[in-house]
Amino acid sequence: MSQREWIEKDFYKELGVSSNASTDEIKKAYRKLARDLHPDANPGDTKAEERFKTVSEAHAVLSDPAKRKEYDETRRLFAGGGYGRGGFTPGAGGGFSQEFNLGDIFGGTAGAGDGGLGDLFGGLFNRGGGARTTSRPRRGSDVETETTLGFREAAQGATVPLRMTSPSPCTTCHGSGAKPGTSPRICPICNGTGVVSRNQGAFGFSEPCDECRGTGSIIDDPCVDCRGSGIQNRTRTITVRIPPGVADGQRIRLAGQGEAGLRGAPSGDLYVTVHVSQDKVFGRNGDDLTLVLPVSYSELVLGTTVSVPTLSGRVGVKVPAGTADGRTLRVRGRGVPKRGGGAGDLLVTVKVAVPQKLDDAATEALRAYQEAEQASGFDPRAGWAGA
(Lines give C-alpha, C1' and ligand atoms only; values in the text may rest on other atoms or scores of the structure.)
Protein backbone atom coordinates (compact mmCIF):
# COMPACT_ATOMS: atom_id res chain seq x y z
CA MET A 1 0.00 0.00 0.00
CA SER A 2 1.38 3.44 -0.98
CA GLN A 3 1.97 6.31 1.39
CA ARG A 4 -0.91 8.21 -0.20
CA GLU A 5 -3.27 5.32 0.48
CA TRP A 6 -2.17 5.19 4.11
CA ILE A 7 -2.99 8.87 4.52
CA GLU A 8 -6.38 8.53 2.85
CA LYS A 9 -7.41 5.49 4.86
CA ASP A 10 -9.97 6.35 7.56
CA PHE A 11 -9.52 3.95 10.46
CA TYR A 12 -12.32 5.63 12.42
CA LYS A 13 -14.76 4.95 9.61
CA GLU A 14 -13.64 1.32 9.42
CA LEU A 15 -14.63 0.84 13.08
CA GLY A 16 -17.74 3.00 12.81
CA VAL A 17 -16.70 5.48 15.52
CA SER A 18 -16.09 9.22 15.59
CA SER A 19 -12.59 10.71 15.59
CA ASN A 20 -13.01 11.78 19.23
CA ALA A 21 -14.19 8.34 20.41
CA SER A 22 -12.82 7.14 23.74
CA THR A 23 -10.56 4.11 24.07
CA ASP A 24 -13.46 2.11 25.53
CA GLU A 25 -15.73 3.05 22.61
CA ILE A 26 -13.06 1.97 20.12
CA LYS A 27 -12.54 -1.31 21.97
CA LYS A 28 -16.30 -1.98 22.14
CA ALA A 29 -16.77 -1.28 18.42
CA TYR A 30 -13.83 -3.52 17.50
CA ARG A 31 -15.02 -6.42 19.64
CA LYS A 32 -18.48 -6.36 18.05
CA LEU A 33 -17.06 -6.25 14.52
CA ALA A 34 -14.44 -8.89 15.30
CA ARG A 35 -17.12 -11.28 16.60
CA ASP A 36 -19.33 -10.70 13.54
CA LEU A 37 -16.51 -10.92 10.98
CA HIS A 38 -14.31 -13.60 12.53
CA PRO A 39 -13.40 -16.37 10.03
CA ASP A 40 -14.85 -18.97 12.41
CA ALA A 41 -18.23 -17.27 12.18
CA ASN A 42 -18.00 -16.84 8.37
CA PRO A 43 -16.32 -19.95 6.93
CA GLY A 44 -15.41 -19.48 3.28
CA ASP A 45 -16.51 -15.83 3.18
CA THR A 46 -13.50 -13.98 1.72
CA LYS A 47 -15.17 -10.57 2.01
CA ALA A 48 -15.74 -11.05 5.73
CA GLU A 49 -12.14 -12.24 6.13
CA GLU A 50 -10.77 -9.13 4.38
CA ARG A 51 -13.04 -6.89 6.44
CA PHE A 52 -11.84 -8.69 9.60
CA LYS A 53 -8.23 -7.90 8.65
CA THR A 54 -9.14 -4.26 7.96
CA VAL A 55 -10.86 -3.66 11.31
CA SER A 56 -8.00 -5.47 13.09
CA GLU A 57 -5.53 -3.12 11.40
CA ALA A 58 -7.63 -0.09 12.40
CA HIS A 59 -7.86 -1.31 16.00
CA ALA A 60 -4.10 -1.92 16.17
CA VAL A 61 -3.50 1.78 15.43
CA LEU A 62 -6.38 3.44 17.30
CA SER A 63 -6.09 1.33 20.47
CA ASP A 64 -2.45 2.39 20.93
CA PRO A 65 -2.38 5.99 22.31
CA ALA A 66 1.01 6.78 20.74
CA LYS A 67 0.11 5.39 17.30
CA ARG A 68 -3.29 7.07 17.39
CA LYS A 69 -1.72 10.44 18.17
CA GLU A 70 0.73 10.09 15.27
CA TYR A 71 -2.04 8.97 12.94
CA ASP A 72 -4.30 11.91 13.90
CA GLU A 73 -1.47 14.45 13.59
CA THR A 74 -0.47 13.15 10.17
CA ARG A 75 -4.04 13.24 8.84
CA ARG A 76 -4.57 16.78 10.16
CA LEU A 77 -1.33 17.94 8.55
CA PHE A 78 -2.20 16.59 5.13
CA ALA A 79 -5.83 17.65 5.35
CA GLY A 80 -4.74 21.25 5.89
CA GLY A 81 -1.88 21.28 3.42
CA GLY A 82 -3.64 20.86 0.09
CA TYR A 83 -3.44 17.07 -0.02
CA GLY A 84 -6.67 15.70 -1.41
CA ARG A 85 -7.68 12.65 -3.31
CA GLY A 86 -5.92 14.07 -6.35
CA GLY A 87 -2.59 14.46 -4.57
CA PHE A 88 -0.60 17.60 -3.72
CA THR A 89 -1.68 20.78 -5.45
CA PRO A 90 1.01 23.40 -6.16
CA GLY A 91 0.22 26.59 -4.29
CA ALA A 92 -2.36 24.96 -2.01
CA GLY A 93 -1.69 25.32 1.67
CA GLY A 94 2.11 25.72 1.59
CA GLY A 95 2.34 26.99 -2.01
CA PHE A 96 4.98 24.66 -3.49
CA SER A 97 6.91 26.36 -6.28
CA GLN A 98 9.47 23.71 -7.24
CA GLU A 99 9.65 19.98 -7.88
CA PHE A 100 8.52 18.27 -4.72
CA ASN A 101 9.45 14.76 -3.61
CA LEU A 102 7.02 13.22 -1.16
CA GLY A 103 9.82 10.88 -0.11
CA ASP A 104 11.69 13.88 1.35
CA ILE A 105 8.88 14.48 3.81
CA PHE A 106 8.58 10.84 4.72
CA GLY A 107 12.32 10.47 4.96
CA GLY A 108 12.72 13.42 7.30
CA THR A 109 15.39 15.17 5.16
CA ALA A 110 15.24 18.39 7.14
CA GLY A 111 18.28 17.19 9.06
CA ALA A 112 19.40 14.61 11.53
CA GLY A 113 17.18 14.53 14.53
CA ASP A 114 14.43 16.59 12.92
CA GLY A 115 12.21 13.53 12.59
CA GLY A 116 9.96 14.28 9.65
CA LEU A 117 6.83 12.39 8.76
CA GLY A 118 8.90 9.28 8.15
CA ASP A 119 9.20 8.96 11.89
CA LEU A 120 5.41 9.08 12.20
CA PHE A 121 4.80 6.53 9.48
CA GLY A 122 7.67 4.36 10.66
CA GLY A 123 5.98 4.08 14.06
CA LEU A 124 2.52 3.62 12.61
CA PHE A 125 3.18 1.17 9.84
CA ASN A 126 6.48 -0.46 10.86
CA ARG A 127 8.49 0.70 7.91
CA GLY A 128 11.16 3.30 7.31
CA GLY A 129 10.36 6.60 5.62
CA GLY A 130 13.38 6.99 3.33
CA ALA A 131 14.19 4.96 0.26
CA ARG A 132 17.56 3.99 1.73
CA THR A 133 16.02 2.21 4.68
CA THR A 134 15.64 -1.53 4.25
CA SER A 135 11.97 -2.47 4.21
CA ARG A 136 10.95 -5.03 6.78
CA PRO A 137 7.91 -7.29 6.59
CA ARG A 138 5.02 -5.97 8.64
CA ARG A 139 4.61 -7.12 12.24
CA GLY A 140 1.48 -9.13 12.89
CA SER A 141 -1.56 -7.46 14.41
CA ASP A 142 -2.46 -7.82 18.06
CA VAL A 143 -5.33 -10.19 18.87
CA GLU A 144 -7.88 -9.95 21.67
CA THR A 145 -9.86 -12.73 23.32
CA GLU A 146 -11.73 -13.32 26.57
CA THR A 147 -11.97 -16.00 29.25
CA THR A 148 -14.05 -16.46 32.41
CA LEU A 149 -12.69 -17.77 35.71
CA GLY A 150 -14.31 -18.75 38.96
CA PHE A 151 -13.74 -16.37 41.87
CA ARG A 152 -11.33 -18.67 43.69
CA GLU A 153 -9.44 -19.55 40.49
CA ALA A 154 -8.87 -15.86 39.84
CA ALA A 155 -7.75 -15.23 43.42
CA GLN A 156 -5.35 -18.18 43.55
CA GLY A 157 -4.20 -18.20 39.93
CA ALA A 158 -4.99 -20.76 37.25
CA THR A 159 -3.75 -22.28 34.03
CA VAL A 160 -6.42 -22.25 31.31
CA PRO A 161 -6.41 -23.51 27.71
CA LEU A 162 -7.60 -21.04 25.07
CA ARG A 163 -8.72 -22.42 21.73
CA MET A 164 -8.57 -19.81 19.01
CA THR A 165 -8.38 -19.45 15.23
CA SER A 166 -6.05 -16.76 13.94
CA PRO A 167 -3.31 -16.20 11.33
CA SER A 168 -0.25 -18.14 12.52
CA PRO A 169 3.21 -18.91 11.09
CA CYS A 170 3.02 -21.57 8.41
CA THR A 171 4.20 -24.88 9.86
CA THR A 172 5.60 -26.02 6.50
CA CYS A 173 7.93 -23.10 5.71
CA HIS A 174 8.19 -21.79 9.30
CA GLY A 175 6.95 -18.39 8.20
CA SER A 176 9.47 -17.67 5.43
CA GLY A 177 6.96 -18.13 2.60
CA ALA A 178 9.48 -20.11 0.56
CA LYS A 179 9.28 -23.77 -0.33
CA PRO A 180 11.25 -25.90 2.14
CA GLY A 181 14.86 -26.15 0.98
CA THR A 182 14.76 -22.74 -0.76
CA SER A 183 15.12 -19.15 0.42
CA PRO A 184 13.78 -15.76 -0.72
CA ARG A 185 16.17 -13.62 -2.80
CA ILE A 186 16.79 -9.87 -2.70
CA CYS A 187 14.54 -7.94 -5.06
CA PRO A 188 16.66 -6.63 -8.00
CA ILE A 189 14.33 -3.66 -8.64
CA CYS A 190 14.55 -2.01 -5.21
CA ASN A 191 17.76 -3.75 -4.03
CA GLY A 192 15.99 -5.04 -0.97
CA THR A 193 14.66 -1.70 0.25
CA GLY A 194 11.05 -2.45 -0.69
CA VAL A 195 10.62 1.15 -1.94
CA VAL A 196 10.97 2.77 -5.37
CA SER A 197 10.67 6.40 -6.48
CA ARG A 198 8.25 7.37 -9.22
CA ASN A 199 7.80 10.72 -10.94
CA GLN A 200 4.35 12.07 -11.70
CA GLY A 201 4.65 15.33 -13.53
CA ALA A 202 6.45 17.84 -11.35
CA PHE A 203 6.33 15.64 -8.29
CA GLY A 204 8.12 12.52 -7.12
CA PHE A 205 6.55 9.84 -4.95
CA SER A 206 8.18 7.05 -2.99
CA GLU A 207 6.00 3.95 -3.11
CA PRO A 208 6.32 0.27 -2.25
CA CYS A 209 8.06 -1.73 -4.94
CA ASP A 210 5.57 -3.49 -7.22
CA GLU A 211 7.97 -6.34 -7.95
CA CYS A 212 8.31 -7.49 -4.33
CA ARG A 213 5.20 -5.75 -2.96
CA GLY A 214 7.26 -3.74 -0.54
CA THR A 215 8.88 -6.71 1.21
CA GLY A 216 12.36 -6.29 -0.33
CA SER A 217 12.56 -9.97 -1.31
CA ILE A 218 11.17 -12.27 -3.98
CA ILE A 219 10.11 -15.87 -3.54
CA ASP A 220 10.71 -17.94 -6.68
CA ASP A 221 9.36 -21.19 -5.21
CA PRO A 222 6.46 -20.32 -2.88
CA CYS A 223 5.42 -22.66 -0.15
CA VAL A 224 2.46 -24.68 -1.44
CA ASP A 225 0.62 -24.55 1.87
CA CYS A 226 0.65 -20.78 2.50
CA ARG A 227 1.22 -19.66 -1.14
CA GLY A 228 4.23 -17.58 -0.18
CA SER A 229 2.62 -15.52 2.59
CA GLY A 230 4.25 -17.41 5.45
CA ILE A 231 0.88 -17.36 7.22
CA GLN A 232 -1.95 -19.84 7.67
CA ASN A 233 -5.28 -19.54 9.43
CA ARG A 234 -4.84 -22.15 12.09
CA THR A 235 -6.87 -23.34 15.05
CA ARG A 236 -4.59 -23.75 18.03
CA THR A 237 -4.79 -24.21 21.75
CA ILE A 238 -2.70 -21.90 23.90
CA THR A 239 -2.09 -22.59 27.56
CA VAL A 240 -2.34 -19.33 29.48
CA ARG A 241 -1.10 -18.88 33.03
CA ILE A 242 -3.37 -16.45 34.85
CA PRO A 243 -1.46 -14.94 37.80
CA PRO A 244 -2.96 -15.02 41.31
CA GLY A 245 -5.09 -12.03 42.24
CA VAL A 246 -6.30 -11.13 38.75
CA ALA A 247 -9.28 -8.77 38.92
CA ASP A 248 -12.48 -8.78 36.86
CA GLY A 249 -11.89 -7.01 33.53
CA GLN A 250 -8.08 -7.15 33.77
CA ARG A 251 -6.12 -7.76 30.56
CA ILE A 252 -3.26 -10.25 30.37
CA ARG A 253 -0.64 -9.67 27.63
CA LEU A 254 1.04 -12.63 25.96
CA ALA A 255 3.91 -11.35 23.84
CA GLY A 256 4.24 -12.89 20.38
CA GLN A 257 1.03 -14.95 20.60
CA GLY A 258 -1.04 -12.73 18.31
CA GLU A 259 -1.38 -12.67 14.53
CA ALA A 260 1.69 -13.89 12.67
CA GLY A 261 3.85 -11.35 10.84
CA LEU A 262 4.24 -11.52 7.08
CA ARG A 263 7.13 -13.70 5.89
CA GLY A 264 8.76 -14.27 9.22
CA ALA A 265 8.17 -10.81 10.72
CA PRO A 266 7.48 -10.73 14.47
CA SER A 267 4.03 -11.83 15.58
CA GLY A 268 1.68 -9.45 17.34
CA ASP A 269 0.63 -9.87 20.95
CA LEU A 270 -2.38 -11.63 22.42
CA TYR A 271 -4.46 -9.74 24.99
CA VAL A 272 -6.73 -11.86 27.18
CA THR A 273 -9.50 -10.05 29.06
CA VAL A 274 -10.38 -11.99 32.22
CA HIS A 275 -13.93 -12.04 33.56
CA VAL A 276 -14.42 -13.26 37.13
CA SER A 277 -17.67 -14.88 38.26
CA GLN A 278 -19.14 -14.16 41.68
CA ASP A 279 -18.68 -16.46 44.67
CA LYS A 280 -21.41 -17.57 47.11
CA VAL A 281 -19.24 -16.89 50.16
CA PHE A 282 -16.46 -14.46 49.32
CA GLY A 283 -16.42 -10.91 48.07
CA ARG A 284 -13.42 -8.77 47.22
CA ASN A 285 -12.22 -5.29 48.11
CA GLY A 286 -8.89 -4.69 46.42
CA ASP A 287 -6.51 -7.30 47.82
CA ASP A 288 -8.82 -8.05 50.77
CA LEU A 289 -11.32 -10.89 50.87
CA THR A 290 -14.68 -10.18 52.49
CA LEU A 291 -17.34 -12.45 53.92
CA VAL A 292 -20.41 -12.14 56.17
CA LEU A 293 -20.42 -14.43 59.22
CA PRO A 294 -23.85 -15.37 60.66
CA VAL A 295 -23.80 -15.41 64.48
CA SER A 296 -26.34 -15.67 67.29
CA TYR A 297 -27.11 -12.87 69.72
CA SER A 298 -25.67 -14.87 72.60
CA GLU A 299 -22.39 -15.40 70.71
CA LEU A 300 -21.99 -11.64 70.33
CA VAL A 301 -22.81 -10.98 73.98
CA LEU A 302 -20.76 -13.78 75.53
CA GLY A 303 -18.04 -14.04 72.86
CA THR A 304 -16.97 -17.12 70.92
CA THR A 305 -14.49 -18.51 68.37
CA VAL A 306 -15.92 -19.44 64.95
CA SER A 307 -14.29 -21.45 62.15
CA VAL A 308 -14.48 -19.57 58.83
CA PRO A 309 -13.29 -20.54 55.31
CA THR A 310 -10.31 -18.96 53.53
CA LEU A 311 -8.72 -19.57 50.13
CA SER A 312 -6.51 -22.20 51.78
CA GLY A 313 -8.43 -24.11 54.43
CA ARG A 314 -10.27 -22.77 57.46
CA VAL A 315 -9.17 -20.49 60.27
CA GLY A 316 -10.62 -19.72 63.71
CA VAL A 317 -11.88 -16.16 64.23
CA LYS A 318 -12.33 -14.89 67.77
CA VAL A 319 -15.48 -12.87 68.38
CA PRO A 320 -14.87 -10.80 71.56
CA ALA A 321 -17.62 -10.59 74.19
CA GLY A 322 -19.87 -7.58 73.63
CA THR A 323 -19.20 -7.39 69.87
CA ALA A 324 -21.75 -5.20 68.08
CA ASP A 325 -23.78 -6.52 65.18
CA GLY A 326 -22.17 -5.48 61.86
CA ARG A 327 -18.64 -5.15 63.24
CA THR A 328 -15.85 -6.22 60.88
CA LEU A 329 -13.04 -8.40 62.23
CA ARG A 330 -9.71 -8.54 60.38
CA VAL A 331 -7.65 -11.69 59.84
CA ARG A 332 -4.29 -10.57 58.45
CA GLY A 333 -2.63 -12.28 55.50
CA ARG A 334 -5.60 -14.46 54.52
CA GLY A 335 -6.78 -12.37 51.56
CA VAL A 336 -5.89 -12.24 47.86
CA PRO A 337 -2.21 -12.84 46.92
CA LYS A 338 -0.36 -9.66 45.91
CA ARG A 339 1.92 -9.29 42.90
CA GLY A 340 4.89 -8.24 44.99
CA GLY A 341 4.41 -11.06 47.50
CA GLY A 342 2.28 -11.50 50.58
CA ALA A 343 -1.49 -11.27 50.60
CA GLY A 344 -4.30 -8.99 51.64
CA ASP A 345 -6.49 -9.56 54.68
CA LEU A 346 -9.71 -11.46 55.33
CA LEU A 347 -12.46 -9.08 56.51
CA VAL A 348 -15.16 -10.90 58.48
CA THR A 349 -18.38 -8.97 59.13
CA VAL A 350 -20.58 -10.46 61.87
CA LYS A 351 -24.33 -10.38 61.40
CA VAL A 352 -26.94 -11.62 63.87
CA ALA A 353 -29.14 -14.41 62.61
CA VAL A 354 -32.60 -14.01 64.17
CA PRO A 355 -34.46 -17.31 64.76
CA GLN A 356 -37.81 -17.43 63.02
CA LYS A 357 -39.34 -19.83 65.56
CA LEU A 358 -38.52 -20.85 69.16
CA ASP A 359 -39.81 -23.77 71.20
CA ASP A 360 -41.51 -23.16 74.54
CA ALA A 361 -38.36 -23.59 76.63
CA ALA A 362 -36.37 -21.15 74.54
CA THR A 363 -39.22 -18.64 74.52
CA GLU A 364 -39.57 -18.81 78.28
CA ALA A 365 -35.83 -18.40 78.78
CA LEU A 366 -35.75 -15.42 76.46
CA ARG A 367 -38.60 -13.71 78.32
CA ALA A 368 -36.79 -14.28 81.61
CA TYR A 369 -33.68 -12.74 80.12
CA GLN A 370 -35.70 -9.79 78.83
CA GLU A 371 -37.03 -9.10 82.32
CA ALA A 372 -33.54 -9.38 83.80
CA GLU A 373 -32.18 -7.06 81.14
CA GLN A 374 -34.81 -4.43 81.91
CA ALA A 375 -34.21 -4.79 85.64
CA SER A 376 -30.50 -4.12 85.12
CA GLY A 377 -31.36 -0.75 83.53
CA PHE A 378 -30.18 -1.60 79.98
CA ASP A 379 -31.98 0.50 77.34
CA PRO A 380 -30.95 -0.22 73.73
CA ARG A 381 -32.43 3.15 72.60
CA ALA A 382 -30.89 5.32 75.27
CA GLY A 383 -29.79 8.59 73.65
CA TRP A 384 -31.22 7.53 70.30
CA ALA A 385 -33.19 10.11 68.24
CA GLY A 386 -33.22 12.59 71.12
CA ALA A 387 -34.69 10.11 73.58
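Strand 14 covers residues 288–295 and strand 18 covers residues 346–352; the two run parallel and are joined by seven bridges. Strands here are DSSP runs of E with at least two residues, helices are runs of H or I with at least four, and both are numbered from the N terminus. Two strands count as paired if DSSP finds at least two bridges between them.

The model is predicted: local features need pLDDT of at least 70, side-chain atom pairs count only at pLDDT 80 or more, and totals for chains, interfaces and linings use all residues. Residues are numbered from 1 along each chain as its sequence is written, and side-chain values use heavy atoms, with hydrogens and water left out.

**Strands 13 and 14**

Strand 14 also pairs with strand 13, in the antiparallel sense, over three bridges. Arg284 has Leu289 in strand 14 as its bridge partner. The hairpin of strand 13 and strand 14 has two residues between the strands, and Gly286 there takes a positive phi near 70°. As a general point, side chains in a regular strand alternate between the two faces of the sheet.

**Nonpolar cores**

Which residues have the most contacts inside the largest nonpolar core? They are Ile242, Leu293 and Leu346, in a core of 37 residues. Domain 2 (135–168 + 231–277) and domain 3 (282–352) each supply at least three residues to this core; the domain bounds come from an automatic or database domain assignment. A second, separate core has 18 residues, among them Phe11, Ala21, Leu33 and Tyr71. A nonpolar core is a set of buried Ala, Val, Leu, Ile, Met, Phe, Trp, Tyr and Cys residues joined through side-chain atoms within 4.5 Å. Buried means under 20% relative accessible area, exposed means over 50%, and partly exposed lies in between (1.4 Å probe, protein chains only). In soluble globular proteins, nonpolar side chains tend to be buried together.

Leu346 touches Phe282, Leu289, Leu291, Val308, Pro309, Thr310, Leu329, Arg330, Val331, Arg334 and Gly335, with residues up to four places away in sequence not counted. Contact means heavy atoms within 4.5 Å.

**Aromatic pairs**

The count of aromatic pairs is two. Rings of Phe, Tyr and Trp (its six-membered ring) pair if their centres lie within 6.5 Å; planes under 30 degrees apart count as stacked, over 60 as edge-to-face and the rest as tilted.

| Pair | Type | Centre to centre | Angle between planes |
|---|---|---|---|
| Phe151 and Phe282 | stacked | 6.5 Å | 15° |
| Tyr297 and Tyr369 | edge-to-face | 6.3 Å | 65° |

Phe151 is in helix 8 (residues 151–156) and Phe282 is in the loop between strand 12 (270–276) and strand 13 (283–285), so the pair links parts of the chain 131 residues apart. Phe151 is buried, with a relative accessible area of 11%, and Phe282 is buried as well, at 5%.

The other pair joins helix 9 (residues 297–302), which holds Tyr297, to helix 10 (residues 360–375), which holds Tyr369; the two residues are 72 residues apart. Tyr297 is partly exposed, with a relative accessible area of 41%. Tyr369 is partly exposed at 36%.

**The annotated cysteines**

Under "binding site", an unreviewed UniProt entry lists Cys170, Cys173, Cys223 and Cys226. They span 57 residues in sequence, yet no two of their C-alpha atoms are more than 9.0 Å apart, so they gather at one spot. UniProt positions are given in the numbering used here, feature names are shortened, and annotations may be inferred rather than shown by experiment.

Are Cys170 and Cys173 buried or exposed? Cys170 is buried because its relative accessibility is 1%, and Cys173 is buried at 7%. Cys170 lies in the loop between strand 5 (158–169) and strand 6 (185–186), and Cys173 is in the loop between strand 5 and strand 6. Leaving aside neighbours within four places in sequence, Cys170 contacts Gly175, Cys223, Asp225, Cys226, Gly230, Ile231 and Gln232. On that basis Cys173 contacts Ala178, Cys223, Cys226 and Gly230.

Residues 170–177 are 0% helix and 0% strand, with end C-alpha atoms 8 Å apart. Residues 223–230 are likewise 0% helix and 0% strand, and their end C-alpha atoms lie 8 Å apart.

**Whole chain**

The chain has ten helices and 18 strands. Of its 387 residues, 40% are buried.
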